[in-house]
Amino acid sequence: MKRLQLERLANPQLLALVAVLLINWLLFPNFFRITWQDGRLFGSVIDVLNRGAPVAILAVGMTAVIATKGVDLSVGAIMAVCGAVAATMVVAGYPTPVAVLAALCVGLVCGLWNGFLVAVLDIQPIVATLVLMVAGRGIAQLITEGSIVTFNEPSLIFIGTGSFLGFPMAAVIAVVLMILVTLLVRRTAIGLFIQAIGVNRAAASLAGIHSRMLLVLVYALSGFCAAIAGVIVAADIRGADANNSGLWLELDAILAVVIGGTSLLGGKFSIPLAVVGALIIQAMNTGILVSGFRPEFNLIVKAGMIILILMLQSPLVGTALGFFKRDSRQATPK
Amino acid sequence: MADGEYVLEARGVLKIFGNHVALDNVDFGLRSGEVHALLGENGAGKSTLIKILTGAYQPDGGGIYVDGAEVSLDNPLHAQTFGIGTVYQEVNLLPNRSVAENLFLGHQPRRFGFVDFRRMEADARALLANYDLHIDPSSELGTHSVAVQQIVAIARAVQLSGKVLILDEPTASLDRNEVERLFEVVRGLKARGLAIIFITHFLDQVFAIADRVTVLRNGTLIDTRQLDALSRTDVVRLMLGKDIAFSGATDVEPSETPDEVLLEFKAYGRRRSVLPFDLTIHKGEVIGVAGLLGSGRTEVARIMFGADPADQGEAMVNGKPTSLRRTTDAIRHGFGFCPEDRKAEGILGDLSVRENIVIALQGKLGWFKALNRDEQLEIAGRFGEAMDIRAASLDMPVKLLSGGNQQKVILSRWLATDPAFLILDEPTRGIDVGAHAEIVRTINRLREDGMAMLVISSELDEVVAYSSRIVVMRDREMVAELRGKNINPGVIVQAIANHTDEAVA
């Protein structure tokens with residue numbers, strides 16, 4: 001059992017995260033310095049956790065979607081919609097809990113819509129979620145009436161910038177969500193069913209799995225996660241920006257999931273590793289910023305790093321290096 | 001035989017895929033002005049032969065002769081230059097372009113370098129008039145019926161090639177009138193001297209249109225015969241390789257007092273799939289389903305299981321009217337279903353043997369009563385042992401197992417749910433001898449334990465051996481029910497070939 005735990009820790013994702021952090025440390029010696037100030041932790045590593053939280057939250061829902069052989073392109077737009085809902089409601093004088101709850105419900109409804117298109121109308125996920133990806137920003141602009149809605153409600157701002165036991169609130173929310181959703185899928189049969197649908201939906205349905213209902217729920221979860229991320233981002237900048245909130249984050253979320261080892265072809269998935277993937281992406285962003293490189297390098301370095309990580313996961317390289325020793329032994333039957 | 005006799009001829013053609021011989025020394029000759037039916041069950045080598053004749057595959061031995069001269073066909077386009085054209089089951093034209101464009105695509109009449117639409121449409125109108133088809137050539141192809149599209153496809157193929165026309169299951173998605181329409185066209189072409197190869201699963205159509213027939217089985221040529229000298233039974237016998245004289249009657253004693261009724265289907269059917277049928281199934285009974293491919297065997301299984309819900313008739317489980325709209329309804333009532341296409345509909349390839357075995361049981365238990373890993377291992381281990389599944393580990397992906405072991409995994413999946421009624425669609429197809437014996441043994445054991453089963457199989461000897469009763473499907477209709485001493489392969493062959501009169505009580 002112990003050996004298994006160790007082997008689990010030695011996965012390419014965690015190794016990559018450590019490598020990225022070490023490179024950051026080499027380029028910027030103060031990278032690991034953490035200080036305590038005003039009842040909370042400060043430092044670059046904490047910053048990685050804080051900034052990485054929205055993508056990590058998106059990745060939680062996205063992992064489940066991708067495991068069903070789907071994809072959700074609309075999460076960035078849903079973030080904008082939900083941020084706009086929370087901000088306009090708070091500005092209109094509703095109490096924060098009501099505004100947040102409304103935003104989460106709107107996210108859930110967006111997800112249900114995607115799930116309806118994919119599961120009931122059998123539209124390809126990439127096209128189905130494209131609808132809301134495009135329309136969502138329009139909806140958000142309608143809600144904010146074209147302007148950036150700013151607010152000063154301390155309880156809402158707390159969600160984006162506050163701290164809990166010294167850790168940034170956003171990171172705490174991300175970790176709690178990750179644990180809850182992981183428990184939900186692993187302690188029930190839902191995880192197995194999600195994998196079964198992703199591997200072979202026809203066979204899963206014939207085996208008696210309610211694949212339609214499960215697909216709808218998976219997209220609803222993704223919409224819900226996007227709503228949480230949207231509220232956090234809005235609270236962080238104290239305003240809802242319909243045009244830029246969550247822009248391109250769907251791609252970062254997909255990338256985080258893929259780095260986390262979940263195949264776009266569906267099947268086996270890991271939510272915690274997708275969150276690690278999100279942290280890797282953010283660690284690179286932060287590293288480039290703090291080490292004084294021009295931000296233009298960011299995209300190129302990111303691309304290089306991604307290629308490296310994906311190569312480590314490729315079965316070909318895996319066999320060549322004997323990296324996945326357990327898997328290769330399994331691969332020889334009889 | 002004079003060399004000039006055949007327009008298109010294959011001599012001693014050999015085709016090997018890996019270590020599987022798909023065609024073994026097959027001779028095939030096609031005369032001009034004849035309709036030549038090519039028959040055989042799935043995997044007999046029909047499509048391989050067609051692909052060689054159209055240049056899509058290269059033979060590994062033997063040769064192709066056009067008008068007596070040996071040719072080498074590099075690809076279907078090259079075959080076209082020798083006058084060989086093909087029309088496939090699914091029309092592969094462009095539904096969103098006009099009829100005329102589809103007819104002349106790639107060789108449109110031109111004027112000053114531009115497509116001359118007016119001439120193209122006039123040409124198209126004239127061309128289609130030959131086929132007695134008077135439609136607007138500028139209309140979109142997709143707006144017409146499949147039958148009309150087929151005729152357009154034929155017109156295009158004939159116009160491009162003009163000597164040999166290969167029709168690969170052109171009638172599969174047509175209704176009776178449309179088939180007749182198509183046959184008019186085929187007769188017209190025959191009168192014009194074209195040589196036509198016709199592939200179908202429907203025997204009636206073979207007898208309606210063909211002059212000669214070639215039967216393939218397991219990659220070998222069985223015979224080429226003049227059709228007017230043959231009866232339906234002869235043809236079925238050629239296809240299935242069963243000698244009527246052979247009569248291994250069933251081993252299963254028909255019990256005079258059958259056990260209590262488990263299932264009753266009354267006028268149960270689904271439009272465009274299966275004509276309404278009546279069937280009563282008792283506990284401890286194995287119903288064999290025989291019939292040629294495409295006769296509606298699989299469709300019967302699917303509507304019983306709710307995979308394609310019935311739209312007429314009623315089903316009773318234990319005497320109570322029951323709705324089987326979804327697979328989950330059927331499973332709740334103790335049904336299980338091992339589908340014919342193991343890979344596409346059976347196994348969850350990337351998941352482990354263990355997960356594949358427990359999935360149906362877990363589906364039945366629901367989302368929140370999860371079996372933990374130890375329970376899963378216990379269940380998978382128990383059935384793995386009982387079914388003798390040869391896997392290095394229960395945690396290895398099921399796709400790495402052999403076909404026979406995969407089939408045992410799927411059977412185990414349903415046995416784990418403790419079913420009352422199991423539907424097995426071709427459970428022994430494409431698996432090794434050992435697994436084959438194991439599955440037949442399991443069917444017998446389960447029957448003795450009182451389980452009801454419906455087993456679809458092309459292996460007549462096998463069906464006869466374990467079935468208590470056999471229903472025969474023909475043209476999507478349940479045409480006969482055979483029982484007791486009357487069951488033997490010869491009777492089944494006759495029932496498949498003819499109409500219902502030999503159904504014996």
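Chain A has 16 helices and six strands, whereas chain B has 17 helices and 22 strands. Both chains belong to a predicted model, which scores ipTM 0.82 and pTM 0.71.

**Overall dimensions and packing of chain A**

- A compact globule of 334 residues would have a radius of gyration near 20 Å, and the 20 Å of chain A agrees with that expectation.
- The C-alpha trace of chain A spans about 70 × 55 × 35 Å along its principal axes.
- Of the 334 residues in chain A, 52% are buried, and among the contacts in this chain with a separation of 6 or more, 77% are made by residues 24 or more positions apart.

**Overall dimensions and packing of chain B**

- Chain B, with its 17 helices and 22 strands, has a radius of gyration of 26 Å, close to the 23 Å that the globule rule gives for 505 residues, so it is as compact as a globular protein of that length.
- Along the principal axes, the C-alpha trace of chain B spans about 75 × 55 × 45 Å.
- Buried residues account for 48% of the 505 residues in chain B, and residues 24 or more positions apart supply 68% of the contacts in chain B with a separation of 6 or more.

**A six-stranded sheet in chain B**

- Six strands of chain B form an open sheet in the order 6-9-10-3-11-12, with mixed pairing.
- Strand 6 (84–87) and strand 12 (220–226) of chain B are at the edges of this sheet, and because each has a single partner strand, one side of each is left without a neighbour in the sheet.
- From one strand to the next, the twist averages 20 degrees.
- Strand 3 (residues 35–39) and strand 11 (residues 212–217) of chain B run parallel and are joined by four bridges, with B:Ala37 standing opposite B:Val213 of strand 11.
- Helix 5 (residues 146–160) of chain B packs on the sheet, where it touches strand 6 and strand 9 (164–168) of chain B, and its direction makes about 170 degrees with that of strand 6.
- Helix 6 (residues 176–191) of chain B lies across strand 3, strand 9 and strand 10 (195–199) of that chain, and runs at about 150 degrees to strand 10.

**Local features elsewhere in chain B**

- Helix 1 (residues 46–53) of chain B has six of its eight residues buried, so it is largely enclosed by the rest of the structure.
- The buried residues of helix 1 of chain B are B:Lys46, B:Thr48, B:Leu49, B:Ile50, B:Ile52 and B:Leu53, and just after this helix B:Gly55 takes a positive phi of about 85 degrees.
- B:Asn318 lies in the loop between strand 16 (312–317) and strand 17 (320–322) of chain B.
- With 14 other C-beta atoms within 10 Å, B:Asn318 is partly exposed.
- The C-alpha atoms of B:Asn318 and B:Leu400 are separated by 40 Å, the two residues being 82 residues apart along the chain.

**The contact between chains A and B**

- Chain A contributes 24 residues to the contact and chain B contributes 32 residues.
- On the side of chain A that touches chain B, the elements giving two or more residues are helix 9 (190–199) and helix 10 (201–206) of chain A.
- The residues on that side of chain A divide into 13 nonpolar, eight polar and three charged.

**Confidence of the prediction**

- The pLDDT of chain B averages 84, and 93% of the residues score at least 70.
- Over residues 244–250 of chain B, pLDDT stays under 50, and the model has 17 contacts beyond four places in sequence for this stretch.
- Over residues 500–505 of chain B, pLDDT likewise stays under 50, and here the model has eleven contacts beyond four places in sequence.
- Where pLDDT is low, the predicted coordinates should not be read in detail.

Conventions
Residues numbered from 1 in each chain as written. Chains lettered and ligands numbered in written order. Predicted model: local features only at pLDDT ≥ 70, side-chain atom pairs only at ≥ 80, totals over all residues. Rg over C-alpha atoms; globule rule 2.2 N^0.38 Å. Buried ≥ 20, exposed ≤ 12 C-beta atoms within 10 Å, placed from the backbone. Contact = placed C-beta atoms within 7 Å. Pairing = 2+ DSSP bridges. Axes fitted to C-alpha atoms, helices over the stretch in contact; angles between N-to-C directions. Nonpolar A, V, L, I, M, F, W, Y, C, P; charged D, E, K, R; others polar. pLDDT = per-residue confidence, 0-100.
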